[in-house]
Amino acid sequence: MSNQTLIRESRVSRTAAMALMFLLAIYFLLPIYFLIVAATKPQGDLASTFGLAFSHFDLFKNLSTLFGRSNGIFGRWALNSVIYAVLGAAVGTLISALCGYALAKFKFRGREFLFSVILGGVLVPTTALALPLFLLFSATGIVNTYLAVFLPSIVSPFGVYLARIFTAAAVPEEILESARLDGAGEFRTFFSVAFKLMMPSLVTIFLFQFVGIWNNFFLPMVMLQKESLFPITLGLYEWNGQTARVSLLQESVITGSLISIVPVIIVFILLQRFWRTGLASGSLK
């Protein structure tokens, strides 16, 4: 096969791949574009104008209405989502790192069986755990509190799996032994040596945890009755259920949906650079 034929096939393959990626980008970005367009429209233009075309620009009025509705309850929902997602992801990442490190670097009886049980937990859908958790938390008296959403969020079998796999590959035994010979205890060895080497995987676990908790809907719906404890997802669902009686809520639901995706985009943008830096430094080491 000649070089010209190879070059031609390479160009065709590259063009086909770029075209496919372009179509996928449109597919995934189109809903976001619709939210941006709809959030700028007044309530009357939502049904009377084309959904993907701008009309009267009322974004700031819609934002004012959104945050002023029901004595500013949307701001409370946003704060609750930040508390659930940030604290839950941070604590969950730390627990996953500790468990994964222990499973990878310590040899004890039943280690593989325990790891198999954790892998089995990955296959269990979270919706199947909602009712048992509700009964358990109801017996302990923490239903309808922040803990009812926070405690289940800090446990991630997939995070433990990922932490163990990455620890086994990226944390050499020689470095740990050197730290121990220098007099460092196990916790100091973990936080001063292993934790830094595990950072790329920890960022990945944090991202999965953050997005999962931020988008979580079913668990808060089962656990919470107080409107002041709702996250954004559950609050917007409650408003959406009232749009048949209060049509003006429709614009607030759309604007709130747009606001709800902004923190996720910001977290991805901020951590993506750190994630790439960690991967690059890990490959050099």
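**Reading the salt bridges**

Analyst: In this predicted model, Glu186 and Arg180 form a salt bridge, with their closest N and O atoms 3.1 Å apart. The pair qualifies because a salt bridge requires a side-chain nitrogen of Lys or Arg within 4 Å of a carboxyl oxygen of Asp or Glu.

User: Which other residue meets the side chain of Arg180 in a salt bridge?

Analyst: Glu177 does, at 3.1 Å from N to O. Glu177 and Arg180 both belong to helix H9, residues 173-181, and are three residues apart, about one turn of the helix.

User: With which residue does Arg111 form a salt bridge?

Analyst: Arg111 pairs with Glu112, and their closest N and O atoms are 3.6 Å apart. Arg111 counts as buried, with 16% relative accessibility, whereas Glu112 is partly exposed at 43%.

User: Which residues are linked with Arg111 in a network of salt bridges?

Analyst: Glu112 and Arg164 are linked with Arg111 in that network.

User: How many salt bridges does the structure hold?

Analyst: The structure holds five salt bridges. Among them are Glu186 with Arg180, Glu177 with Arg180, and Arg111 with Glu112.

Conventions:
Residues are numbered from 1 along each chain as its sequence is written. This is a predicted model: local features need pLDDT of at least 70, side-chain atom pairs count only at pLDDT 80 or more; totals for chains, interfaces and linings use all residues. Side-chain values use heavy atoms; hydrogens and water are left out. Buried means under 20% relative accessible area, exposed over 50%, partly exposed in between (1.4 Å probe, protein chains only). Helices (H or I, at least four residues) and strands (E, at least two) are DSSP runs, numbered from the N terminus.
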